[in-house]
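Work through the exercises below with the model in view. Try each task before reading its solution.

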Amino acid sequence: MVGLTTSFGSGAMSNSMDDVAEKAAAFFVIGSNTTEQHPVFGSRLRQAVLRRGAKLVVADPRRIDLADFAKPAYGGLYLRHRPGTDIVLLIGLMHIILHNGWEDKNFIAGRTEGYEEFAATIEHYPPEKASEITGVPLEQLYQAAEILALNKPMAVIWAMGITQHIVGVRNVMSLANLQMLLGNMGMEGGGVNPLRGQNNVQGACDMGGLPNVYPGYQNVTSEETRLKFEAAWGVSLPDKVGLTLTEMIPACEDGRVRALYILGEDPVMSDPNTSHIRHCLERCEFLVLQEIFPSETSAYADILLPGVSFAEKTGTFTSTERRIQMCRKAIEPLGETRPDWQITTEIAKRIIALGERDMRPAPHSGWDYNDTSDIMSEISAVTPSYAGVSHARLEAGERLQWPVKGPDHPGTPVLHVGQFTRGKGKFAPIDHIPPAELPDDEFPVLLSTGRVLYHWHGGQMTRRAKGLMGVYGRALVEVNPEDAARWNAKDGTHLRVTSRRGSIEVEAWVTDRVPPGMVFANFHFPETSANILTHASLDPVAKIPEYKIVAVRVEAV
Amino acid sequence: MPVHLTINDKPVQAHEGQTVLEAACAHGIVIPTLCYHKDLSPVGSCRLCIVEVDKLRGQVAACNLPVAEGLVVHTETPALVQSRRTVLSLLLQNYTDAGYTSHDGHTTEFEHWVRYYEARLPDGTSPAPRYPLDGDPNPFIWVDLNKCILCTRCVRACEEVQGRFVWGVGERGSYTRIIAGADTAMLEARCESCGACAAYCPTGALDHKLSIRQGEADRKVTTTCTYCGVGCQFDLNVKNGKVIRVTSNPNAPVNGMHLCVKGRYGYDFIHHPDRLTGPRVRRYLLEEGEKVLHGPAWDWVETDWNTALDITARKLAATRDHYGGSSIGVLTSAKCLNEENYLMNKLARQVLGTHNIDHCARL
């Protein structure tokens, strides 16, 4: 998100899934296992290849399912590059594009800045060098560059495979560079399309669930913005950026953070380096957890407040393509549970009633909401990109993708048409930095982590779904046949995977999905969670952990 | 280019490339269908959508008949009714219904047309079931080939919607049946359990296993999925306050009829017995003792909302007042509503005075 904001002025998916699936002449899928992580969109990509001949280039160290559709018979190509070499791969491709004169000169001249400085850095990685570093054969680099450059519009699609690196922001900005170079921005069938993981991760970001921005990505460090929210809420507000999740929990260790209020998150399962997270949570003086299930994190909670599932409340979610949609209550909250917005409202009211913080009457200082529609009215009043969003419009069947600039504005299916949000698109010179923890003599195998089709994140929901457990009831680690032979492992053999942080025992799945020297594990099951092994090396700007590259040792148990 | 034709004496404007069936549909004229579905390529095999066209001999399948200027079409003549009754009666000869869905309140497309055209078997005949009920170990897809009429909508749905090619048609003559892969179990044939085949099946031969014998829904509520960021919509089917199945809603903006295994079949966590149903606090908080992370003081005590909320507010306020707002961290949730995330942002900033708010976007 930070990367795209720097390049274009907006951090969201630029296009809609429908225009990408229907109108792109080619797709470049890099670091997204689309058919397992965004299955319905993944199946539309398959259909685009099969039914209308769209060309698909997949770049992924793992031979994911979508790689079957990225083959020369369909006019596409699968590139298996080494983990952590995305920037070199992209620069190598752009080098070939430039040297063939395939760049979109009009677009570059009219809509971008910083091109000269950027173009100079491309020369650092000629194709031969890029091939050597990435492990992708030279002729494949040339073929891929040709497919991507000569089929227009071309849509770039990615997910956590690009971002969960210490160079996550640089990776994203490199993809932005590629799309500006080819003039694929601001048109249907093109664009930069990061697929958001959780159903409402886009909305949580939009609503100011971030330490650096108020709702609608209004900076907390901007005085104008601060004054606006001080006037809206009737309080004085700090002007410094807060802590990210990956900083906040470790800050419990030295007492910089003493209390946590956690809504619907399970850091013990989903954060890097589980044992350190457990240690930090033990140090936290007061932890309130609002959840639907007792989780791994609830062992450290002082208070558990029972919230409800999506079936028990009404409000809105915002999807990866910035589409705001209704979530509707189907059943009454179970037992004594309450919708989460009511719980938060009660806590706020009680803290305010205790006094001690200067508050003055202001248009939105109060906490009296009859329903979530009232809350949406307040959101639209303080959030320019949601200015025209209301439950009434959604219930009337309107289809809205932000920015929705007013009550009569139809929403914005494609961003950056004619002009970027920030004015000109900004080319950024990007250099390659190797991953933080590469395999060595002691930990010679590279571990990458992620999710599987049948489970969701920390697994609190899907481990409680009978059928899903029937198909995938325990964690498996993907192991290449060559390595399996070396470790004397077959399907189902118990392997011990050890990193500098910890160790898990997990069953092998022998498959050429992973290349030799690499294993892949998930974090759906507490005892065998890959996050026991991962480390908290962060991207310096986005503060995202490098989940995709961890050095481990593997042995049969 | 507009094309003008007449259907049942009504002038109809269509456009070039449409079929007579599509033109009729667009004008609210119902032509019965079984093997046809608007999302799938037409095969014209069931012969239920036959129509009569002036100056054309015989009865032609509307799903494969392109519109043409001046065409005069009849969709419901006595001869067509008779032919359809015959088509349906023939299908009934290889169809047996064990009755397990008789209380689910859902009439399949096949049952509907059988009743509508009063099709029945010749007197004194009753076909015997030829296949096992629940014929595949897939935990989500119910297979009952006794109800299969070989319309191949499942085969096309798997190919043209999911792109997985699990289903095919095997054997010959009266032994013809749909098979998964090389006649294996569905999962062995690389099925991803998306349920598209069951969603498109017009007879219930393929159905949602978790919902079999769950009865009739009191109501359906259209909502948005709780799993990934694609934003699929579907209908939660509710009976007695319980979600008993998920059905596709063809009007869903992003996904239409399509869903994935988690969206369609991953809903039973909602009613799982592990659900937290009341607030809990650690005993030390009620006794106003010191915090220790073990022993009886650390035991959970079920309490009322007032107590839990009061302690929460008091503790958070005290931390803020003693150590400043920056000593509190707030984690909001990418699983919760926009409105809830907005309130968490407002609570952190307005009430607690801190920008220490984040969620799992990075994980």
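This is a predicted model: local features need pLDDT of at least 70, side-chain atom pairs count only at pLDDT 80 or more; totals for chains, interfaces and linings use all residues.

Residues are numbered from 1 along each chain as its sequence is written, with chains lettered from A and ligands numbered from 1 in the order in which they are written.

**Exercise 1.** Find the strand order of the open sheet of 5 strands in chain A.

*Solution.* 
- Read the order: 3-2-1-5-6, with parallel pairing. Strands (E, at least two residues) and helices (H or I, at least four) are DSSP runs, numbered from the N terminus. Two strands pair if DSSP finds at least two bridges between them.
- Go to the edges. Strand 3 (77–79) and strand 6 (192–194) of chain A each have a single partner strand, so one side of each lacks a neighbour in the sheet.
- Now check one pair. Strand 1 (residues 26–30) and strand 5 (residues 154–158) of chain A run parallel, joined by 5 bridges. Here A:V29 stands opposite A:I157.

**Exercise 2.** Describe the contact between chain A and chain B.

*Solution.* 
- Take the two sides: 121 residues come from chain A and 102 residues from chain B. Residues are in contact if their C-beta atoms, placed from the backbone, lie within 7 Å.
- Find the main contributor on chain B. Helix 9 (residues 338–351) of chain B gives the most to that side, with 13 residues.
- Look for pairing across the chains. Strand 11 (residues 303–306) of chain A and strand 13 (residues 280–282) of chain B pair in the antiparallel sense over 2 bridges. A:I303 stands opposite B:V281.
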